[in-house]
2 protein chains.
Amino acid sequence: MKSNRAYFRVSRLAALTLCVLLLAVVGAYAQNDPLPSWNDGKAKQSIVAFVEKVTMEGSPDFVPVAERIATFDNDGTLWAEQPMYFQLAFALDRVKTLAPQHPEWKDKEPFASLLKGDLKAALAGGEPAIFQIVMATHAGMTTGEFEQIVKDWIATAKHPTKKRHYTEMVYQPMLELLTYLRANGFKTFIVSGGGIEFMRPWTEKVYGIPPEQVVGSSIKTKFELRDGKPVLVRLAEINFIDDKTGKPVGINQHIGRRPIFAFGNSDGDQQMLEWTAAGSGISFMGLVHHTDAEREWAYDRTSHIGTLDKALDEALAKGWTVVDMKKDWKVIFPFEK
Amino acid sequence: MKSNRAYFRVSRLAALTLCVLLLAVVGAYAQNDPLPSWNDGKAKQSIVAFVEKVTMEGSPDFVPVAERIATFDNDGTLWAEQPMYFQLAFALDRVKTLAPQHPEWKDKEPFASLLKGDLKAALAGGEPAIFQIVMATHAGMTTGEFEQIVKDWIATAKHPTKKRHYTEMVYQPMLELLTYLRANGFKTFIVSGGGIEFMRPWTEKVYGIPPEQVVGSSIKTKFELRDGKPVLVRLAEINFIDDKTGKPVGINQHIGRRPIFAFGNSDGDQQMLEWTAAGSGISFMGLVHHTDAEREWAYDRTSHIGTLDKALDEALAKGWTVVDMKKDWKVIFPFEK
């Protein structure tokens with residue numbers, strides 16, 4: 001009896017110890033999962049497998065830290081882009097703010113329709129109309145003044161339906177991916193069709209990506225001395241469009257190295273992914289597929305914003321990673337956590 | 001007597017100990033001098049004082065690591081530029097190499113004079129002549145092909161009088177300065193009028209500056225699929241001239257942050273230094289003044305290459321740091337050590 005009881009006591013102690021150890025291991029494992037907002041599945045597995053291959057010394061696919069370049073599209077890849085590109089929302093807000101200084105806009109399209117609240121009529125003019133709106137709101141001030149305008153807007157403006165600040169509408173799983181890559185020696189860059197100076201004022205705080213690692217579209221600037229003080233004045237003239245075939249051009253111009261890891265979400269990213277895939281070693285090409293009409297938006301081949309058609313075909317044909325937002329992401333936005 | 005001898009012994013021991021200590025301290029100091037090729041003087045002192053101010057936590061001039069941006073001109077600031085810009089030497093060598101494929105050059109200026117060895121006649125055509133030489137040698141191939149051409153040339157070509165590889169003709173004191181700044185959390189950039197793709201293949205190895213931190217002049221490139229493989233083709237069309245008022249434009253475009261430390265050597269760097277000086281906190285502006293006709297070259301106001309005239313006046317008027325190569329630098333080139 002006595003020895004039995006002692007045996008029982010010892011077993012109970014052993015079981016308890018085992019439980020504690022087990023819980024500790026599971027806890028440590030959960031804590032160590034670098035991508036907790038990603039469901040286990042092909043997308044997550046392909047990311048982790050790639051990172052492990054290129055970072056394992058002695059592996060045939062090992063890539064030195066200096067060459068671990070990762071590029072990310074922004075609109076629709078790192079933050080949302082519906083019901084319109086957030087930078088367009090910025091431009092429309094600016095038109096309203098500037099209207100008192102431009103009485104002539106009342107009779108001039110696309111401004112007249114915009115100020116009446118008829119966005120559809122305003123944008124009916126297509127690219128020339130958008131060009132006019134962009135230039136009226138993005139040019140004519142110094143770079144310092146524009147930076148402050150963007151900072152003020154981004155700190156206050158809210159998304160029309162989600163009622164959240166735009167910088168809250170970033171994708172939690174992608175934030176984790178950026179952190180995971182950097183923890184593994186990658187240098188993370190944005191390569192976006194959006195305006196470079198529209199992104200830089202907030203990308204460091206929101207994504208941990210400093211201004212010098214942001215590539216985007218731009219207008220020309222001009223150096224001037226104003227009262228002896230040098231300024232850069234933003235001109236109403238396109239400098240560079242960082243979209244489609246422009247993305248590899250922008251990557252080469254700005255980074256001067258080919259990425260080994262690239263993520264996009266639309267046909268505008270197709271050439272960036274092709275350029276990445278054409279490197280000499282292994283590479284990772286990923287697309288965010290917007291499939292979650294409930295938590296975010298669902299759109300692809302026929303959408304005007306973030307059209308994903310040819311790039312999706314190429315991704316499927318070549319075995320690139322396609323993230324199914326609905327299935328692959330536990331959480332979309334940080335505020336859902 | 002006995003006590004005297006003992007006293008003497010003790011004193012000798014004390015002196016010996018003191019000597020050992022003194023030597024150790026001096027040795028440690030010498031080892032710890034981050035700029036051993038700089039003579040003690042105003043230039044060195046102003047650099048060290050600036051770096052100590054911006055890196056000392058709690059100092060009113062403290063600058064967070066992310067904002068410690070340092071920009072350096074290349075030609076005449078990090079490496080030599082006489083008797084002609086090294087990139088022009090590259091272009092001339094390329095004309096000779098390519099001549100068999102261009103029989104028409106025999107009767108076409110500026111190529112005809114060049115191939116006869118008459119550089120002066122070739123360059124008599126001024127900028128249009130230089131433009132033709134540059135485009136004939138820098139455009140028409142893919143970015144990958146051009147990179148290889150530069151790598152091959154830089155590995156083999158030698159300076160006409162110093163008989164050294166061009167990458168040996170970098171300034172030892174500036175190499176030390178780059179290392180010193182990086183050790184203090186600075187991100188070091190090149191901002192040069194030279195071709196961005198001419199510098200990138202070797203700046204990481206020679207200066208520790210990676211391709212993504214090189215800003216320079218460029219020609220346009222175009223994305224193409226060749227046999228299904230994406231390439232960037234270099235076009236005979238100027239994209240950007242990173243010189244004079246172009247330097248702040250290039251800095252803003254590429255870095256998106258204002259430098260707090262900038263070094264140049266010519267009037268081409270004047271606006272970069274003005275842009276740096278106009279920041280909100282303290283800043284360091286430096287000029288390398290070529291004063292050493294014996295070890296390097298002596299030239300400034302009237303030189304065609306690296307003209308230093310207006311920027312020198314501004315530096316003197318505003319108290320910017322002017323490095324007197326002859327007096328301030330113990331060693332010019334690494335091979336002199």
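**The interface between chain A and chain B**

Mentor: 35 residues of chain A are in contact with 35 residues of chain B, contact meaning heavy atoms within 4.5 Å. Please keep in mind that this is a predicted model, in which local features need pLDDT of at least 70, side-chain atom pairs count only at pLDDT 80 or more, and totals for chains, interfaces and linings use all residues. Residues are numbered from 1 along each chain as its sequence is written, chains are lettered from A and ligands numbered from 1 in the order in which they are written, and side-chain values use heavy atoms, with hydrogens and water left out.

Let us begin with the area. Chain A and chain B bury about 2900 Å² between them, and carbon and sulfur atoms give 50% of this; buried area is the accessible area (1.4 Å probe) that two parts lose on being put together, summed over both. On the chain A side, the most area is lost to chain B by A:Glu212, A:Phe223 and A:Gln253, which together make up 21% of what that side buries.

Now the symmetry. Chain A is superposed on chain B by a rotation of 180° with 0.0 Å of shift along its axis, at an RMSD of 0.0 Å; the superposition is by least squares on the C-alpha atoms of residues with pLDDT of at least 70 in both copies. The two copies are thus related as by a two-fold rotation axis. Of the residues of chain A, A:His254 comes closest to that axis, with its C-alpha at 3.3 Å. The same surface serves both copies, as 100% of the contact residues of chain A recur in chain B.

Next come the charged pairs. Between chain A and chain B there are 6 salt bridges, each a side-chain nitrogen of Lys or Arg within 4 Å of a carboxyl oxygen of Asp or Glu. Over all chains, the structure holds 32 salt bridges.

B:Arg257 sits in the loop between helix 10 (246-254) and strand 5 (261-264) of chain B and A:Glu204 in helix 9 (residues 196-207) of chain A, so the pair joins two chains. Here helices (H or I, at least four residues) and strands (E, at least two) are DSSP runs, numbered from the N terminus. B:Arg257 is buried, at 13% relative accessible area, while A:Glu204 is partly exposed at 32%; buried means under 20% relative accessible area, exposed over 50%, and partly exposed in between (1.4 Å probe, protein chains only).

A further salt bridge brings B:Lys187 and A:Glu212 together, 2.9 Å from N to O. B:Lys187 belongs to strand 2 (residues 187-195) of chain B and A:Glu212 to the loop between helix 9 and strand 3 (214-226) of chain A, so this pair joins two chains. With 5% relative accessibility, A:Glu212 counts as buried, and A:Glu212 is also among the residues of chain A that lose the most area to chain B.

B:Glu212 forms a salt bridge with A:Arg257, where the closest N and O atoms are 3.3 Å apart. These two residues belong to a network of salt bridges that links A:Lys187, A:Arg257, B:Glu204 and B:Glu212.

To place this part in its chain, chain A has 13 helices and 8 strands, and 50% of its 337 residues count as buried.
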